[in-house]
Amino acid sequence: MQAYTARAHTNIALLKYWGKANEQLIIPTTSSISLTLDEFYTDTTVVFDQHLNEDAVFLNDAPLTGKGYKKITDFLDIVRQLAGISTKAHVQSTNHVPTAAGLASSASAFSALAGAASKAAGLDLSLADLSRLARRGSGSASRSIYGGFVEWERGTDDTTSVAHPLQEVVDWDIQLLTVIINDQPKKVDSRGGMQHALQTSPFYQNWVDATNAATVDMKTAIENHDFQKIGSLAEQNALQMHATNMTATPPFTYLTDNSWAVIQLAAQLRSKGIEVYATMDAGPNVKLISHISDYHEIVLALQSVLPDVETVAATPGPGLVVVAG
Ligand SMILES: O=C(O)C[C@@](O)(CF)CCOP(=O)(O)OP(=O)(O)O
């Protein structure tokens, strides 16, 4: 059978997905809105081969084993079921995502895998069906099918929980500057963290209500290129998400003293008229939503708070591309 290669880019949520209404189908409790990034992506090649007795999966040239391997083979089983085949596959994946920057590669990885595996299995899925399929691998992957600003509508079932583009080409002055905070606390992965918050935080339903209300305002802000509104909604939503973690039982947080130092610096810079807003995911790193034109001023200010701090800049990027071979 023919091999196919797909490239999908990472995305950062501006309104977060943080909790599953249905864990098996990965249906979220809220809609979410993200920005697909240009600089970071996964390339994945898949070919189904009759001679294989089991799936052969390689990540960055090393054979994948354990939990990671099972997530991929479970995903391939969904593709096989859709295509009506039982053939095993050879999967070769390369992440061009600085994991040290705490940028999750699961979104680009499962979006690229959905694209390459479905084509290699002989399927020709619509972008919406690719989003539904990618969602089964990792929720945030449903958004990386598209470029630019993307909404993943929470929906209630496999059909209605799907992403769609809000503004695929973003040619205005916006960047995400990831500040790499190295004092990493013990890593609680996003899958475990979100369900713990959902199950034990008394504020979880407030989170759901606030996020679903913010979705309407965020879409309007994106439509109007209202940078200040986009940034303030995003920062507020990220802090609300992390508040559900701090109010879980037992409480936990991904944020460290240095994370908070960067969050506070963003507020100080805003008081000086520089439009910069902080968003944080399942890790201590802080992503600064900012103007490309303010890059040097922001990095200088960061140096004064966290000398030698490393940053990684990213601008809006494209959706999934799949090619034969
Ligand atoms: O990206 C966001 O909306 C917010 C987060 O990044 C915040 F940390 C969570 C992403 O969770 P994901 O890795 O997609 O979980 P999975 O469905 O359990 O694989």
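## Ligand site

An oxygen atom of the ligand lies 2.6 Å from an N or O atom in the side chain of K20. This is a polar contact, meaning a pair of N or O atoms within 3.5 Å; within protein, one atom must be able to donate a hydrogen and the other to accept it, and residues adjacent in sequence count only if both atoms are side-chain atoms. The model is predicted: local features need pLDDT of at least 70 and side-chain atom pairs count only at pLDDT 80 or more, while totals for chains, interfaces and linings use all residues. Residues are numbered from 1 along each chain as its sequence is written, and side-chain values use heavy atoms, with hydrogens and water left out.

The ligand is surrounded by 17 residues, and the closest are Y17, K20, S138, S140 and R191. A polar backbone atom of G139 is 2.8 Å from an oxygen atom of the ligand. For D281, the distance from an N or O atom in the side chain to an oxygen atom of the ligand is 3.5 Å.

## Two domains

The domain assignment of the protein chain gives domain 1 (4–170 + 317–324) and domain 2 (175–314). Such bounds come from an automatic or database domain assignment. The C-alpha centres of domain 1 and domain 2 are 24 Å apart. The contact between them takes 32 residues from domain 1 and 43 residues from domain 2, where contact means heavy atoms within 4.5 Å.

## Nonpolar cores

In soluble globular proteins, nonpolar side chains tend to be buried together. A nonpolar core is a set of buried Ala, Val, Leu, Ile, Met, Phe, Trp, Tyr and Cys residues joined through side-chain atoms within 4.5 Å. Buried means under 20% relative accessible area, exposed over 50%, and partly exposed in between (1.4 Å probe, protein chains only).

The largest nonpolar core has 45 residues, and those with the most contacts inside it are W18, V46, F48, L76, V79 and L113. Helix 2 (residues 106–120) gives the most to this core, with seven residues. Because domain 1 and domain 2 both give residues to this core, it lies between them. Not counting residues up to four places away in sequence, L113 touches T44, V46, I72, F75, L76, V91 and S118. Another core lies apart from the largest one and has 28 residues, among them A101, L233, Y277 and I289.

## Helix 7

Helices (H or I, at least four residues) and strands (E, at least two) are DSSP runs, numbered from the N terminus. Helix 7 (residues 257–271) has 15 residues and reaches 21 Å from its first C-alpha to its last, close to the 21 Å expected at 1.5 Å a residue. The expected span is 1.5 Å times one less than the number of residues.

The buried residues of helix 7 are S259, A261, V262, I263, L265, A266 and L269. Their cover includes strand 10 (175–180), helix 6 (227–246), strand 11 (276–280), strand 12 (286–290) and helix 8 (295–305). After helix 7 comes G273, whose phi is positive, near 90°.

## Two buried loop residues

V97 lies in the loop between strand 7 (89–96) and helix 2. V97 is buried, with a relative accessible area of 8%. Leaving aside neighbours within four places in sequence, V97 is in contact with T10, F40, Y41, T42, L103, A104, S105 and S108.

H291 is in the loop between strand 12 and helix 8. Its relative accessibility is 14%, so H291 counts as buried. With neighbours within four places in sequence left aside, H291 is in contact with D173, Q175, F227 and E275.

## Backbone exceptions

Most residues other than glycine have a negative phi, and most peptide bonds are trans. A cis peptide bond joins T249 and P250, with omega about -5°. P250 is in the loop between helix 6 and helix 7.

D61 is not a glycine, yet has a positive phi of about 70°. D61 sits in the loop between strand 5 (56–59) and strand 6 (62–63), and at 66% relative accessibility D61 counts as exposed. H225 is not a glycine either and has a positive phi of about 50°. H225 is found in the loop between helix 5 (204–223) and helix 6, and at 40% relative accessibility H225 counts as partly exposed.

Key:
Near = heavy atom within 4 Å.
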